[in-house]
Amino acid sequence: LCDMRMNALPSITISQELFSIILEKLNTLQKEESAKQGIQTVKNVFTILGIEYNLQNVLDEYFTILGKYCDWFTFHYEKNENHFRLVFETELGPEWLKFLRLYVHAILHSLKINADNDSIAGSVMIFEITNVMQCDAT
């Protein structure tokens with residue numbers, strides 16, 4: 001099942017060093033535009049796999065999978081009633097962290113969810129989300 005998820009859309013593997021160099025060359029607007037592509041990527045994967053596009057599935061079926069198998073980051077989240085705390089940790093550098101922040105915000109906005117707070121401390125990025133009513137979380 002995981003292989004099917006990982007291969008739902010074509011992808012390539014490049015070195016972290018090369019990817020970091022590419023990110024450093026992009027200005028803020030270019031990073032924002034690239035991050036917004038993440039929305040369509042997630043939606044395409046979910047459509048192919050027959051997964052409903054909602055917060056719980058994005059957390060469990062996208063961010064968790066990327067964290068486990070793609071080395072983008074390590075990821076976990078905590079849920080307490082309607083409050084979510086998303087924690088991403090990466091060693092891919094500050095430019096990657098800036099991009100990742102834009103990427104996660106874009107996906108959340110596409111779900112009509114605004115993070116109440118997001119913060120970066122070293123290599124850790126945390127998003128705090130409250131009042132999520134559309135989530136099918138258990």
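Contact here means heavy atoms within 4.5 Å. This is a predicted model, in which local features need pLDDT of at least 70 and side-chain atom pairs count only at pLDDT 80 or more, while totals for chains, interfaces and linings use all residues. Residues are numbered from 1 along each chain as its sequence is written, and side-chain values use heavy atoms, with hydrogens and water left out.

**Confidence**
- The mean pLDDT (the predictor's confidence in each residue, from 0 to 100) is 86 for the chain, and 88% of the residues reach 70 or more.
- Residues 134-138 have a pLDDT below 50, and this stretch has 13 contacts in the model beyond near neighbours in sequence.

**Lys31**
- Lys31 is part of helix H3, residues 28-49 (helices are DSSP runs of H or I with at least four residues, strands runs of E with at least two, numbered from the N terminus).
- Lys31 counts as buried because its relative accessibility is 7% (buried means under 20% relative accessible area, exposed over 50%, partly exposed in between, with a 1.4 Å probe and protein chains only).
- Leaving aside residues up to four places away in sequence, Lys31 touches Leu23, Leu26, Glu95, Phe99 and Leu102.

**Strands**
- Strand E2 (residues 83-89) pairs in the antiparallel sense with strand E1 (residues 74-80) over 7 bridges and with strand E4 (residues 124-129) over 6 bridges (pairing requires at least two DSSP bridges between two strands).
- Tyr77 has Leu86 in E2 as its bridge partner, and Glu89 has Val124 in E4.
- The hairpin of E1 and E2 has 2 residues between the strands, and Glu81 takes a positive phi near 55° there.
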